[in-house]
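Reader: I am new to this structure. Can you take me through it, one short step at a time?

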Amino acid sequence: MNIDTSLDQIILDKINIIQQQTNQDIKQIIQTAIDLYYQKIKQPENDPLALLKQSDFIACGEGDPDLSSTYKTQLKTILEESL
């Protein structure tokens, strides 16, 4: 299939930046963009794994529930103990 379209300068600038960063040709860029867009609209909204991947969540851990208000004191204690 051939697609003939006109693109404004903003889109052309974005394509140029993508080409510089990825060394892809325009066909590869368009294919990747369509694949990403397709994945985004086809993912079920209630899929927990998909939602987690989209959230940019890095990690979790356990600790003092008051850490947000006592972190300076705790850090000072840890540093003093390590000296």
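Reader: How far apart are the end C-alpha atoms of helix α4 (residues 67-82)?

Author: This is a predicted model. Helix α4 has 16 residues, and a straight helix at 1.5 Å a residue would reach 22 Å. Its end C-alpha atoms fall short of that, at only 20 Å.

Reader: How many residues of α4 are buried?

Author: Buried means under 20% relative accessible area. Helix α4 lies largely in the open, because the number of its 16 residues that are buried is zero.

Reader: What span do the end C-alpha atoms of α1 have?

Author: Helix α1 has 14 residues, which at 1.5 Å a residue should span 20 Å. The end C-alpha atoms agree with that, at 20 Å.

Reader: Which residue has a side-chain oxygen that reaches the backbone nitrogen of I10?

Author: Look at the start of α1. The side-chain oxygen comes to within 3.2 Å of that nitrogen, and it belongs to D8.

Reader: Is N23 buried or exposed?

Author: N23 sits in the loop between α1 (9-22) and α2 (26-42). Its phi is positive, about 60°. The cut-off for exposed is over 50%. N23 has 69% relative accessibility, so it counts as exposed.

Reader: What is the radius of gyration of the protein?

Author: The protein has four helices and zero strands. For 83 residues the globule rule gives 12 Å; the protein is well over that, so it is more spread out than a compact globule, with a radius of gyration of 23 Å.

How values were computed: Residues numbered from 1 in each chain as written. Predicted model: local features only at pLDDT ≥ 70, side-chain atom pairs only at ≥ 80, totals over all residues. Heavy atoms only, no water. Helix = DSSP H or I, 4+ residues; strand = E, 2+ residues; numbered from the N terminus. Expected span 1.5 Å × (residues − 1). Buried < 20%, exposed > 50% of the residue type's maximum accessible area, 1.4 Å probe, protein only. Polar contact = N/O pair within 3.5 Å; in protein donor to acceptor, adjacent residues only side chain to side chain. Rg over C-alpha atoms; globule rule 2.2 N^0.38 Å.
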